[in-house]
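Try each task before you read its solution.

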Amino acid sequence: MNKTNQLYEGKAKIVYETDEPDKLIVYFKDDATAGNGEKRGIIAEKGIINNRMSEFFFKLLKTNGINSHFIESINDREMVVRRLKMIPLEVIVRNVVAGSLVKRMGWDEGTPLKTPVLEYDYKNDKLGDPLLNRYHIMALDIARVYELDEIEHIAFSANQIMMSLLKSKNIMLIDFKLEFGLDDKGKVVLADEISPDNCRFWDMTTNEKLDKDRFRYDMGGVEEAYKEILTRVTA
C-alpha cells in the first residue's frame, strides 16, 4: 500500500488517499488550536502521542466489541484507517462538569454528574460547532434515528470501558469527544481519534489536568502532561 493524494488537512491531522481505495492514511501533527482556531501553537511530539494513544484506545475498544476505522499504525505519526462517509457531528460524553458546561449551566467545575450526559455539536467551523439535539439532526438530514441510537450505544459503551481502564491508572475521564462515519454497508463506525486533544483526563488524587486544557488556559507543562498521560495509560 502506498500513500497518494492529500485528501484533507485539518487542525491536527492530515488525511491521505492510498492506492487501495478503501484505505486512508492519517498523519498526526504537532499543531495545536483552541477556541475554534483562534489560539494556535505547537505541542512538541503531540502527533506521536496522539497516534499512540488513539491506537491504544481503538485496540482496547475492539477487544470489548466496539469496532473503529483503525486498521494499524505504520510509524510514530501515521495510522491506516478504513475510508468512511463521515457524519458531521461531534459527540461529547460528559461524566464531570468542565469546559463549556460550566459556562452554559453555571455549575462548578469538577462536580460529578449523576448520570453521563451526551451532547451533539454540528461539525461546522463557520458556525462555531453549534449544539444540536436529535430534532435538529433529523431536520438537517445529518443522521437517521437508528444511526443516532447506534452512536449513543457506542458512545456510552466506550465511556464505561475507558472509565474502567483509566480508574485502574488513577485517572478520571472527565469528558471526551467522538466522531463517527458510515462504512460501505451503511454501518455506523467509530472514527477520528481518542487522545489528550479530545479527552479531559484528571489525576484522581490531585485533580491535575493532563490534557489540552493546559494549552487552552496557558497552564504550562503541556508537553509534560501529554507525555505523562501516555505513559500512565499505556503502561
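**Exercise 1.** Describe how helix H1 packs against helix H4 in this predicted model.

*Solution.* 
1. Locate the helices. H1 covers residues 46-63, and H4 covers residues 145-167.
2. Take the geometry. The packing angle is about 115 degrees, and the axes lie 10 Å apart.
3. Classify the angle. The range 65 to 115 degrees counts as roughly perpendicular, so H1 is roughly perpendicular to H4.
4. H1 crosses H4 in a right-handed sense.
5. List the contact. H1 supplies Phe56, Phe57, Leu60 and Leu61. H4 supplies Ala158, Ile161, Met162, Leu165 and Leu166.
6. Sort by class. The contact of H1 with H4 has nine nonpolar residues, no polar and no charged.

**Exercise 2.** Repeat the analysis for H1 and helix H6.

*Solution.* 
1. Locate the partner. H6 spans residues 222-234.
2. Take the geometry. H1 and H6 pack at about 25 degrees, with their axes 10 Å apart.
3. Classify the angle. Angles under 35 degrees count as roughly parallel, so H1 is roughly parallel to H6.
4. H1 and H6 form a left-handed crossing.
5. List the contact. From H1 come Lys46, Ile49, Asn50, Arg52, Met53, Phe56 and Phe57. From H6 come Tyr226, Lys227, Ile229, Leu230, Val233 and Thr234.
6. Sort by class. The contact of H1 with H6 holds eight nonpolar residues, two polar and three charged.

**Exercise 3.** Which elements give two or more residues to the lining of the second largest pocket, and which gives the most?

*Solution.* 
1. Start with the volume. The second largest pocket holds about 320 Å³.
2. Find the centre. The pocket has 18 lining residues, and the closest to its centre are Gly65, Ile66, Asn67, Ser68 and Arg82.
3. Assign the elements. H1, strand S6 (70-73), H4 and strand S13 (188-191) each give two or more residues to this lining.
4. Pick the top contributor. H4 gives the most, with four residues.
5. Sort by class. The lining divides into seven nonpolar, five polar and six charged residues.

Technical notes: Residues numbered from 1 in each chain as written. Predicted model: local features only at pLDDT ≥ 70, side-chain atom pairs only at ≥ 80, totals over all residues. Heavy atoms only, no water. Axes fitted to C-alpha atoms, helices over the stretch in contact; angles between N-to-C directions. Parallel < 35°, antiparallel > 145°, perpendicular 65-115°, else oblique. Left-handed = near helix turned anticlockwise from the far one by under 90°. Contact = heavy atoms within 4.5 Å. Nonpolar A, V, L, I, M, F, W, Y, C, P; charged D, E, K, R; others polar. 1 Å grid on protein atoms, 1.4 Å probe; cavity = no way out; pocket = protein on both sides within 12 Å on 5 of 7 lines; lining within 4 Å. Points joined across faces, edges and corners; volume = space filled by probe spheres on them.
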